[in-house]
Each structure stands twice: as structure tokens, then as C-alpha cells.
Amino acid sequence: KFTSAKGVRMLMTFIEIANETKVSLPQVRRWARASLFPVLHLGHKVKRVRREEYENFLKKRSKG
């Protein structure tokens with residue numbers, strides 16, 4: 001599957017993002033609708049976020 005050399009998954013689900021950031025799934029969906037990070041549409045109702053983009057989002061978010 002889509003993993004890096006370190007074995008880290010390169011694509012994340014909205015649920016994984018919600019769990020890592022300790023926010024609700026609807027909050028992650030709001031972030032996605034606000035284009036705070038790019039979302040990959042891999043099929044009907046299948047959405048993923050590149051881990052790199054998620055980490056960039058976190059960096060920007062922590063700067064205030």
C-alpha cells in the first residue's frame with residue numbers, strides 16, 4: 001500500500017486525522033471544505049489526504 005520507507009502511511013483518512021488531532025470528524029470535514037489542506041478524491045466517497053500536506057497544515061495551525 002501507500003507507505004514510506006519508514007513504514008508510515010502516506011495517505012490518511014479523515015478519521016485518522018480526527019484521531020491524531022483529537023477533534024471531531026465533522027471538524028476535519030469543515031477544514032477540508034475550507035481548503036485548509038488538499039484532498040484527493042479516489043472514488044465515490046473515498047477521500048484521502050497526503051500525510052505531508054496534513055503535517056504542513058499542522059505546522060501552519062501551530063503558528064497561529
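Reader: Which residue of strand 3 stands opposite M12?

Author: This is a predicted model, where local features need pLDDT of at least 70, side-chain atom pairs count only at pLDDT 80 or more, and totals for chains, interfaces and linings use all residues. Residues are numbered from 1 along each chain as its sequence is written, and side-chain values use heavy atoms, without hydrogens and water. Strands here are DSSP runs of E, at least two residues, and helices are runs of H or I, at least four, numbered from the N terminus. Two bridges join strand 1 to strand 3 (residues 46-50), and the residue opposite M12 is V49.

Reader: In what order do the strands lie in the sheet?

Author: Strands pair if DSSP finds at least two bridges between them. Strand 1 (11-12) and strand 2 (40-43) are the edges, each pairing on one side only. The sheet is open and antiparallel, in the order 1-3-2.

Reader: At what angle does helix 3 run to strand 3?

Author: Axes are lines fitted to C-alpha atoms, for helices over the stretch in contact (heavy atoms within 4.5 Å). Angles run from 0 to 180 degrees between N-to-C directions. Helix 3 (residues 51-62) lies across strand 1 and strand 3, and its angle to strand 3 is about 65°.
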